[in-house]
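Please read the following report alongside the sequence and the coordinates. It takes up confidence, sheets, nonpolar cores and salt bridges in turn.

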Amino acid sequence: MIRSLAAPMLLAPCLFLATQPAWASSQSGGTARQATVATANRLATMEPAAQGFLNAVQVYPFADGAIYHVITAPVRVTDIALQPGETLVAVASGDTVRWVIGDTTSGSGAEKRTHVLVKPFSAGLATNLVITTDRRSYHIALTSVSRTAMAALSWTYPQETLIALKRAAAEAQAVQAVAGGIEVDQLHFDYAVSGDKPTWRPLRVFDDGRQTFIEFPATLAVGEAPPIFLLDREGEAQLVNYRLKGRFYVVDRIFDVAELRLGTKHQQIVRISRITDGAPARRGS
């Protein structure tokens, strides 16, 4: 009887060779992915720059996804100042054992400002910090050196500035469209606004001797607009026609007293009264 052992002996090395590349490929792929992440982090990191300092404060331009490098030192506190009016939600650090991290505030009202304070226990440390607020998230790379530390850092917000400029341009264009053909020296601003204080309460009222212009805040565009009623000498109200141009009501007449009314059960009423004391008489309703 003849037995053949050649086939199993030949298959074993083949099976070994077939499984080895998969393991090696996985290790190689992991290294490549780590290199990709490291490259992305390096390219996204913004370093302190001489032209970015305002006195001792490093001012970074804020960008989503950027990492901001902050250099600290033992027995030195570095102040990370958020935007005025921004509310802190949470602070998370990769190393909470060798770093002291706290927060405080300065100012009040709309100018109230949150400060995140960091201090390392020793030099040669590195970790990251994630600060979340009601407006955005900040990603910070912390390193510690033996002596020189950044005293403070803050941000500018180019995207918000651009939006504000666009909004201002749109408002100026709306005012220009409303005020086309109006002589500035013919405008009269002798009007008083009284009554309730809803979000749509007019900012100001003026006329050019022919038409009355009622300027509203920007919130008028996101809510229900109030109709306007003219009041006669007996206090009787009558609805008057008007045109809406941007944030302005344009009424094609001059009136003495008018009311803006909105709602039924709990009606909001804002009264507009023309002040005539010491002013030249103009034709009104």
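**Confidence**

This is a predicted model, in which local features need a pLDDT of at least 70 and side-chain atom pairs count only at pLDDT 80 or more, whereas totals for chains, interfaces and linings use all residues. Residues are numbered from 1 along each chain as its sequence is written, and side-chain values use heavy atoms, with hydrogens and water left out.

The pLDDT (the predictor's confidence in each residue, from 0 to 100) averages 85 over the protein chain, and 80% of the residues score at least 70. Helices (H or I, at least four residues) and strands (E, at least two) are DSSP runs numbered from the N terminus. Confidence is lowest in helix 1 (residues 6–44), with a mean of 67, and highest in strand 5, at 98. Over residues 1–18 the pLDDT stays under 50, and the model has zero contacts beyond four places in sequence for this stretch, a contact being heavy atoms within 4.5 Å. Where pLDDT is low, the predicted coordinates should not be read in detail.

**Two open sheets**

Strands of a sheet pair through backbone hydrogen bonds, either parallel or antiparallel; here two strands count as paired if DSSP finds at least two bridges between them.

Strand 5 and strand 11 pair in the parallel sense over two bridges, and Ile80 stands opposite Leu153 in strand 11. Strand 5 (residues 78–81) also pairs with strand 8 (residues 113–120), in the antiparallel sense and over four bridges, with Asp79 opposite Leu117 in strand 8. Strand 7 (residues 99–106) is joined to strand 8 by eight bridges, again in the antiparallel sense, and Thr104 has His115 in strand 8 as its bridge partner. Strand 7 and strand 8 form a hairpin with six residues between them, and Gly107 in the turn has a positive phi of about 75°.

Another open sheet consists of five strands in the order 12-20-19-15-16, with antiparallel pairing. At its edges are strand 12 (191–195) and strand 16 (237–239), each pairing on one side only. The twist averages 30° from one strand to the next, where axes are lines fitted to C-alpha atoms (for helices over the stretch in contact) and angles run from 0 to 180 degrees between N-to-C directions. Strand 12 and strand 20 run antiparallel and are joined by five bridges; Val270 in strand 20 is the bridge partner of Gly195.

**Nonpolar cores**

A nonpolar core is a set of buried Ala, Val, Leu, Ile, Met, Phe, Trp, Tyr and Cys residues joined through side-chain atoms within 4.5 Å. Buried means under 20% relative accessible area, exposed over 50%, and partly exposed in between (1.4 Å probe, protein chains only).

The largest nonpolar core has 20 residues, and those with the most contacts inside it are Ile80, Leu129, Ile131, Ile140 and Trp155. Strand 4 (67–72), strand 8, strand 9 (126–133), strand 10 (137–144) and strand 11 (152–156) each supply at least two residues of this core, and strand 10 gives the most, with three. When residues up to four places away in sequence are not counted, Ile80 touches several residues, including Val116, Val118, Leu129, Ile131, Ile140, Leu153 and Trp155. A second, separate core of 18 residues includes Val205, Ile228, Val240 and Ile272.

**Salt bridges**

A salt bridge is a side-chain nitrogen of Lys or Arg within 4 Å of a carboxyl oxygen of Asp or Glu, and a search of the whole structure finds 10 of them.

| Arg98 | Asp95 | 2.8 Å |

Arg274 is buried, at 10% relative accessibility.

In the pair of Arg98 and Asp95, Arg98 is partly exposed, with a relative accessible area of 42%, while Asp95 is buried at 11% relative accessibility. Elsewhere, Glu86, Arg136 and Glu160 are linked in a network of salt bridges.
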